[in-house]
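The following note sets out several points for the colleague who will work with this model. Please read them alongside the sequence and the coordinates.

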Amino acid sequence: MKRIVVLGGGTGGTLAANRLRRDLGDEVVIEVVDQDDDHLYQPGLLFVPFGLSRPQDLVRSRPAQLHSGIAYRTAGIERVDLGAEQVLLSDGVTLAYDVLVVATGARLLPEETEGLTGPGARETVHTFYDLDGATALEGALSRFTGGRLVVNVVDMPIKCPVAPLEFCFLADWYFTERGIRDQVELIYVTPLDAAFTKPVAARTLSGLLAEKHVELVTEFNTGEVDGIGGRLVSYDGREVLFDLAVVVPLHGGAAYVDRSPGLGDEFGFVPTDKHTLQSSAAPNVFVIGDAAAVPTSKAGSVTHFEGETIARNVARFLAGDELDASFDGHTNCFIESGFGKAMLIDFNYDTEPVPGHYPASIGMPLLKQSRLNHLGKLMFGWLYWHSLLPGRDIPGLGAGMPLAGKHLHTPSAT
Amino acid sequence: MPTAVYAGTTVPVTDDGFFLDPDQWREDMAPEIARDTGIDALTDRHWQVITHMRKEFAEKGTGPTVRALGRTSGVSIKELYLLFPKGPAKLAAKIAGIPKPRGCI
């Protein structure tokens, strides 16, 4: 019987394993490996610092999300041996595979930025990109009574590239609610040349930053974080002063990727065909989610939309059939904008986020604040555990990006 | 379409001065492009980066970002900023005659 080993029991690994189990049943053996039993609902991290989500509500058991018949093993991963078609685990066990699914996501690398883990960390310098950080930041925000709050993205790529902007919007709401908004300066510091990577959305988002009195500092490549002196210093010598810094650290792939010859690129992400999701490393290695070096966002919605393609292609590969090149880079992000509203963006490899409605001309408004989008964002938490992870399609929302409802001739800023 | 003249050859470039066709680039053009960007003399360290940019572009179809250069070129990010002060990835790409690196998403 053919063996499928899935590395990673997060969003991608769980939904890929569940889809493969449903499609292939007892024809294959599926085993999922992860180093712990904490499946974290990552979109919830944004809300923790503002007291809108409780940390303990975001974590569930990993194997409990897997369909019956799927094996789960708790172990660290030492390395993948592509030639021998086996995975070496840190407890000395070797797992042979016919197909390997890499779903180990992205890893935070704060130690790669000078000063970021040094004096001032968890005091004046925080992050909300992991559970401990988000929890510590809740305390720091509640004690913050005024001054300069700087939100900084060190460099791309990062998970959920809109999250740092959402943090700014929610901070504006949070300090308004506390009645001290006029005591707080909010500054968003990005390495990009605009508020976002895509021109039409960047224009809307920078308008929203201005409307909420968030200062925008662009093309700032952070070289050093000085937690004691309260300074971000760029490689070209510019400085941004802060009383409290919220920093999104550099991201890389999982550590075992670096230890596996031929598997990853210089950042530990796995080069992958952007339409079939087959890795460039070996034909029997497929990649889903943040672990893949493909030119789309590192986001849960992308991982969900990839699920259909990866399940189909693993089955086709095992049957000796030609792969389906159907993944279009579809990304769908709610952008929480504070005061009970949110925006929605929907795009793919070829179409940037534009105004209109999703999924069709009657639907949720795109690139525009609305209460309906905020409710959509809240509902996504339920859908995550009950539709995405079980590997179900969401009725009416296909994997491919819909063109209906989009205003495609919105002039681009470039 | 804008053009520029380097080492006596006219080449089409983008509005912000990047080569449209990397095959038209020659080594003797690099010092002149560098002067246009405010770098008076190209040292061996500059050339190490420029050669690396050409190689990465040939292999991957896009120029590396600053972070990737820091990992793969043998020159640290700090030194890259000393060599190419106004943005190493963009300036080195321009001098190496390859397209402006695409930002990540």
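Two residues are taken to be in contact if their C-beta atoms, placed from the backbone, lie within 7 Å.

1. The model is predicted. For the complex, the predictor gives an ipTM of 0.82 and a pTM of 0.93. Chain B has an average pLDDT of 92, and 97% of the residues score at least 70. Within chain B, confidence is highest in helix 1 (residues 30-36), at 96, and lowest in helix 3 (residues 66-72), at a mean of 91.

2. A helix pair in chain B. Two packed helices are described by the angle between their axes and the distance between the axes. In chain B, helix 2 (residues 44-60) packs against helix 5 (residues 88-95) at an angle of about 80°, and the axes are 9 Å apart. Angles of 65 to 115 degrees count as roughly perpendicular, so helix 2 of chain B is roughly perpendicular to helix 5 of chain B. Helix 2 of chain B contributes B:Val49, B:Ile50 and B:Met53, which meet B:Ala92, B:Ala93 and B:Ile95 in helix 5 of chain B. By class, this contact has 6 nonpolar residues, with no polar and no charged ones.

3. Leaving aside residues up to four places away in sequence, B:Ile50 touches B:Ala30, B:Ala92, B:Ile95 and B:Ala96. B:Asp21 lies 29 residues from B:Ile50 along the chain, and their C-alpha atoms are separated by 16 Å.

4. Nonpolar cores. The largest nonpolar core has 70 residues, and those with the most contacts inside it are A:Phe128, A:Cys168, A:Ala245 and A:Ile345. Helix 3 (residues 163-177) of chain A supplies the largest share of this core, 9 residues. Apart from residues up to four places away in sequence, A:Phe128 touches several residues, including A:Leu45, A:Val48, A:Leu137, A:Phe167 and A:Val246. A second, separate core has 47 residues, among them A:Leu7, A:Val32, A:Ile310 and A:Leu388.

5. The interface. In the complex, 14 residues of chain A are in contact with 12 residues of chain B. The side of chain A that touches chain B has, by class, 6 nonpolar, 5 polar and 3 charged residues.

Note on methods:
Residues numbered from 1 in each chain as written. Chains lettered and ligands numbered in written order. Predicted model: local features only at pLDDT ≥ 70, side-chain atom pairs only at ≥ 80, totals over all residues. Axes fitted to C-alpha atoms, helices over the stretch in contact; angles between N-to-C directions. Helix = DSSP H or I, 4+ residues; strand = E, 2+ residues; numbered from the N terminus. Parallel < 35°, antiparallel > 145°, perpendicular 65-115°, else oblique. Nonpolar A, V, L, I, M, F, W, Y, C, P; charged D, E, K, R; others polar. Core = buried A, V, L, I, M, F, W, Y, C linked by C-beta atoms within 7 Å. Buried ≥ 20, exposed ≤ 12 C-beta atoms within 10 Å, placed from the backbone. pLDDT = per-residue confidence, 0-100.
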